[in-house]
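Subject: Structure handover

Hello,

Here is the structure I promised you. Please open it and keep it beside this email as you read.

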Amino acid sequence: MVMIRYSLRQLWRMRRISAFFVLLLTFAVLLLSLGGSMYALTSANMERFEDVFLTIGTAEQIPASVKRVKIWDAEIQDYRFRTEKTYGETVPLSVLELDGAEYLSGPERRPYYVAYDPAFQLANERTGFHQGVVVEGEPYEDCIPSGPVRMRLKRVLYSHYPMNLIDFYFCDHQNPQPGLLEAGKTYVMYLVDASTHGWRTSGDGPDEWIPAGALSSDQTDPAGNKIPDTMPGRFFEEVTEGFYDTEAGRRWTEFAGTLDWVWHSVPVTPVSDLNLLLPFYRGDAYLTEGRALEEADQEEGRRVCMISRHFAVNNGLAVGAPLSLSLILASYSGTTSSDASFLYWPGYGLLNAEGKAYEPFFEAEYTVVGIYDWSPGSSRTSDYALGRNEVLIPAGSVTESEEHNIASYGPMKAANTSFRIPNGSIREYQALWKEQGTEGIELQFYDRGYTELQASLAGIRRLSIILLAAGIVTALLVLTFFCHLFIAGQCRRTAIERSLGMAKKQCILSLLAGLLLLCMSGCILGSAAGFWLSGETVSRMETGRHYSTLYSSGIIAASGNETEEILPDASVNGAVSAVSGTGVLAAAALLSLFMIRRNLQKEPLKLLGGREE
């Protein structure tokens, strides 16, 4: 204790220098504490956001042109016009296989399958829907159906709703030059119940039936090349004796059977990574019961599925229920929202190139593991939306190829062509894409602000490294200078103490006690100040900034339609400040002991005699 008091007394005699030393050391430790805290905080946030955010890319073929299409309207006896996109040669998915690009998922171009089961209930049918029918009709007189003409209903080959009619009115509504229908002849027709003829002009015409489409096939091979067929491409044919025993008649019989698909089929989307379905990221779709499809489901080809709440309610399905899926065809054009909003109503032929109905290419029983729903106000008409009865299955669970059941093929759409890349790699990917020089494809990227956020955090981390370096250099300079001043500069004092009979341990204690007390004071003050300043800095930087999980991997697991807001972690770790102060104090002790050792190695008499070597 005597030596400690003696050491403090010596420092008191140098109180101005001692105070300056404490001040400088406090500043050095503050820099270390602030830089270390900011570095640890930004590193933790960068790692955290890497697991939370996703970067998704979509690809869509750009239309070669937009043309104006005129459509005849028999009601107004004039043309109406609409615009229609036209595409050149279909660009293959292989253009996305870039050398050097890193994909976490995909790239993939998802088809949708059509699963048919007569037991499927898709909507409340009592409300009524327009329906396609295949009927035989006979005109009462020779006529040109440029307006409603009365025909006798002779036979119904297919109608979902009962057709309790004796006569019906037919109009070749969109044909500016309809052909002659002869009295006494029977025609088989594919029609749809339309509105009252004259509703646009406030006329008083009858309810009419108009052509619903042509008897055709759009079957393609896996490359999208159309398979030649012998379909007539017309909505009607004359029925003669033995007609249904002919090839033409058999086609109509086959076609009539396919129309039941409209009422009892659901779109089935094979999913390799649920993160690639934009409705889930946008919050348009969210999980309400059970679990989402997982990576293991895809890898192991598990026969599990997610279904919409709409489909679950109409069919009495719950999580854990079995669901038999019979896949009859695949489509690489259109989207499930446009082709199957309520009912399956495709814009392509339902017969294959041989004029026959498609046979199932894959049948299996799946287990419902999750039920999803749509957020209020979300769009149900965009290409990105899911069908109201859409079923999601792992792509790996379909073990048979659809190559002979591709009913339609078209250009890439952003809604069905997507991929996932590492966060922060958009610029690198764009550079690789530009280097490849592919034209006719538009890429869109979604990372919900990750690039901006990561750049901001990287900037803060660079600043923290500068603060750390400045703190380390300042601490070393301060300790070196003042240790030399308080220890190496006190060599004659050490010589006197030893000449008076003090042991080396006492000399060490005499020099070290006061210095370490000053260092401890500076380290404690610097650590406390650094911790407080770190908290204030983070608080000011964080105020008003928030990030959403809208495009994050966690959105699919949400239990409701509210998206979680992600805030950067603003909790400053006090251990960093403590370690900064402790480290400087340890460095001070080591440096002091080193200089004291050098002092003690010198001969006291030589020092007192002024002959120091």
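**What I found**

The disulfide count comes to 0, where a disulfide is a pair of cysteine sulfur atoms within 2.5 Å. In general, a disulfide is a covalent bond between the sulfur atoms of two cysteines. C171 is buried, with a relative accessible area of 0%. C305 is buried too, with a relative accessible area of 0%. Buried means under 20% relative accessible area, exposed means over 50%, and partly exposed lies in between (1.4 Å probe, protein chains only).

A word on the source: this is a predicted model, in which local features need pLDDT of at least 70, side-chain atom pairs count only at pLDDT 80 or more, and totals for chains, interfaces and linings use all residues. Residues are numbered from 1 along each chain as its sequence is written, and side-chain values use heavy atoms, with hydrogens and water left out.

**The four-strand sheet**

Look for an open sheet of 4 strands in the order β4-β19-β1-β20, with antiparallel pairing. The edge strands are β4 and β20 (441–446), and each pairs on one side only. The twist averages 20° from one strand to the next. Helix α9 (residues 426–436) packs on this sheet and touches β1, β19 and β20. The direction of α9 makes about 170° with that of β20. Angles run from 0 to 180 degrees between N-to-C directions, and axes are lines fitted to C-alpha atoms, for helices over the stretch in contact.

Some terms for this part. Helices (H or I, at least four residues) and strands (E, at least two) are DSSP runs, numbered from the N terminus. Two strands pair if DSSP finds at least two bridges between them. Contact means heavy atoms within 4.5 Å.

Now take β4 (residues 105–109), which holds P107. The peptide bond from G106 to P107 is cis, with omega near 0°. β4 is joined to β19 (residues 417–421) by 3 bridges, and the two run antiparallel. R109 stands opposite T417 in β19.

**Q61 in β1**

Strand β1 covers residues 55–61 and includes Q61. Is Q61 buried or exposed? Q61 is buried, at 4% relative accessible area. Its side chain makes polar contacts (N or O atoms within 3.5 Å; within protein, one must be able to donate a hydrogen and the other to accept it, and residues adjacent in sequence count only if both atoms are side-chain atoms). A polar atom of that side chain lies 3.0 Å from the backbone oxygen of E89. Another listed distance, to the backbone nitrogen of V91, is 3.1 Å. Leaving out residues up to four places away in sequence, Q61 touches several residues, including Y87, P411, M412 and I441.

**Strand β5**

β5 (residues 112–116) is mostly covered, with 4 of its 5 residues buried. β5 pairs with β15 (residues 322–332) in the antiparallel sense over 4 bridges. There, Y112 has S331 as its bridge partner. β5 also pairs with β12 (residues 265–271), antiparallel over 4 bridges. Y113 has V268 as its bridge partner in β12.

**Helix α3**

α3 (residues 247–258) has 12 residues. From first C-alpha to last it reaches 17 Å, close to the 16 Å expected at 1.5 Å a residue. That expected span is 1.5 Å times one less than the number of residues. Buried residues of α3 include W252 and F255. Their cover includes β6 (132–139), β7 (149–158), β9 (186–196), β11 (236–239) and α4 (261–264).

Best wishes
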